[in-house]
Amino acid sequence: MAYDFIEQQRRRWLRPAALWLRPDAARFLRPDISSRNTWIDPRWDPLGAAEQKYNPNQPRVPAGNPDGGQWTDGTGAIVLPDIVVSADDAGFGDDELDELLYVQLAGDIPTGDTPPEFPEQRPPTLSALNRVARAAARYFKVLDLVLGALPYLEERQAEIRASFDPPRSLQELQEAVSTPEKGYDVHHIVERATRNPNGSEDAMINAPDNLVRIPRWKHWELNAWYERPQDRFSGLSPRQYLRDKSWDERRAVGLEGLIEIGVLK
Amino acid sequence: MKKTKKDLSSLTEQALLDLFVKYAIEQDDALLGFEVARSNRMYWAIKDVTNELKSRPGDRRRALIPFYRHGNPQVRLKAAEATLALEPVAARAVLESMRSIHGPQRLDAGMAIRGLDDGSYKPT
């Protein structure tokens, strides 16, 4: 129960607040404005808004009508007062209330992932261990939280730590090739698997310009991506699609992949 | 076990949606474990379900749109990819939201967006 509550609060507070807005936000005074100034944006001016709201000449529904006496805009529609809903009144939890009171702005898609189930004991296979470690990394998002989540993840500490590296320049990644380190692999920007089978590209494939040292998980992920069918390539894998493409085109895709996976600045 | 195309045509829409989610979650599991063969099998299984929905009157891939808010990121990603032709703005926003996550969906989403931007990816 306590965990559920903490998890709910974590999700609420981690939500990108800047992308949520009350529909009636204009009624609230911006906190950095202490007095009414002439430069104030009228949308942030609550007193102005209130003044604009009251109009003694606003028509009312005529007497004898079931809604007689209520404000109307003259078209027959009844103008309802603003309703303030509290969590207790509505019978909703905080999250549901947020859904009622806030509108979501374009571009904000919830990323509140369902918490994964983590086994208490170390999974028996390496593949299963990787799954747990990577699910923890994706869910907790913060290195120390991941490392502290499960004792047996210690075994994958180098890979986990490396996967949280910030993006680096191409020069930094190339220079690091000469310094092997646990949790990292040497990666070919233009894949070896796409080299010309006649051997004409072998020297370029293994040249320092084509080699970068990147976190092992990112390396494996890129390799897996090259083997995965893609809608973009009509169901072909990038490796199949790129096989007959020019060196420059393959290198461009290789660099884009490094950027998108968060390795290259 | 993957359903054949004949099996899929006899399923209700809800059953197809259930299969979509099941396959996408299995694909996520495979991706996390770097299991390429299992992940690729699920790609085609999801494709078959999506094509079946597309073939139904009114293009019922639209029924995948609620999965933009699913709790599993691979379900969100696959729902967005499957509906890019129908809801290009909203589906792209889902992909954009995955561009910075710490997981396997990041690369797929980012590369798909690059393909959309350079015109090499034309969703149908």
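A polar contact is taken here as a pair of N or O atoms within 3.5 Å, where one must be able to donate a hydrogen and the other to accept it. In this predicted model, that rule finds 21 residue pairs in polar contact across the interface of chain A and chain B, with both residues of each pair at pLDDT 80 or more. On the side of chain A that touches chain B, the elements giving two or more residues are helix 5 (126-140), helix 10 (216-227) and helix 12 (247-260) of chain A. The residues of that side comprise 14 nonpolar, 12 polar and 12 charged ones.

The meeting of the two chains can also be described by contacts and by area. In total, 38 residues of chain A are in contact with 39 residues of chain B. About 3,600 Å² is buried between chain A and chain B, and carbon and sulfur atoms give 54% of this area. Within chain A, the residues that lose the most area to chain B are A:Arg138, A:Arg232 and A:Glu260, which together account for 24% of what that side buries. Charged pairs are found here too, with a count of 10 salt bridges between chain A and chain B. One of the residues named above, A:Arg138, forms a salt bridge with B:Asp28, and the closest N and O atoms of this pair are 2.8 Å apart.

A polar atom of the B:Asn40 side chain lies 3.1 Å from the backbone oxygen of A:Glu227. Leaving aside residues up to four places away in sequence, B:Asn40 touches A:Glu227, A:Arg228 and A:Pro229. B:Asn40 counts as buried because its relative accessibility is 15%, and the cut-off for buried is under 20%.

Attention now turns to the nonpolar cores. The largest nonpolar core has 31 residues, of which B:Phe20, B:Tyr23, B:Val49, B:Leu64, B:Phe67 and B:Leu95 touch the most other members. Two or more residues of this core come from each of helix 2 (13-32), helix 3 (36-55), helix 4 (73-82), helix 5 and helix 6 (105-118) of chain B. Helix 2 of chain B gives the most, with seven residues. A second, separate core of 15 residues includes A:Ile189, A:Val212, A:Leu258 and B:Leu107.

B:Leu95 sits in helix 5 (residues 88-97) of chain B and is buried, with a relative accessible area of 0%. Beyond residues up to four places away in sequence, the contacts of B:Leu95 are B:Leu77, B:Ala80, B:Glu81, B:Leu84, B:Ala109, B:Ala112, B:Ile113 and B:Leu116. With the same exclusion, B:Leu64 touches B:Leu17, B:Phe20, B:Leu53, B:Ala79, B:Ala82 and B:Thr83.

Finally, two loop residues of chain B deserve a look for their backbone angles. B:Phe34, in the loop between helix 2 and helix 3 of chain B, has a positive phi of about 55° although it is not a glycine. B:Asp59, in the loop between helix 3 and helix 4 of chain B, has a positive phi near 55° and is likewise a residue other than glycine. B:Phe34 is buried, with a relative accessible area of 16%, and B:Asp59 is buried with a relative accessible area of 16%.

Technical notes. Residues are numbered from 1 along each chain as its sequence is written. Chains are lettered from A and ligands numbered from 1 in the order in which they are written. This is a predicted model: local features need pLDDT of at least 70, side-chain atom pairs count only at pLDDT 80 or more; totals for chains, interfaces and linings use all residues. Side-chain values use heavy atoms; hydrogens and water are left out. Contact means heavy atoms within 4.5 Å. Buried area is the accessible area (1.4 Å probe) that two parts lose on being put together, summed over both. A salt bridge is a side-chain nitrogen of Lys or Arg within 4 Å of a carboxyl oxygen of Asp or Glu. Helices (H or I, at least four residues) and strands (E, at least two) are DSSP runs, numbered from the N terminus. Ala, Val, Leu, Ile, Met, Phe, Trp, Tyr, Cys and Pro count as nonpolar, Asp, Glu, Lys and Arg as charged, and the others, Gly among them, as polar. Buried means under 20% relative accessible area, exposed over 50%, partly exposed in between (1.4 Å probe, protein chains only). A nonpolar core is a set of buried Ala, Val, Leu, Ile, Met, Phe, Trp, Tyr and Cys residues joined through side-chain atoms within 4.5 Å.
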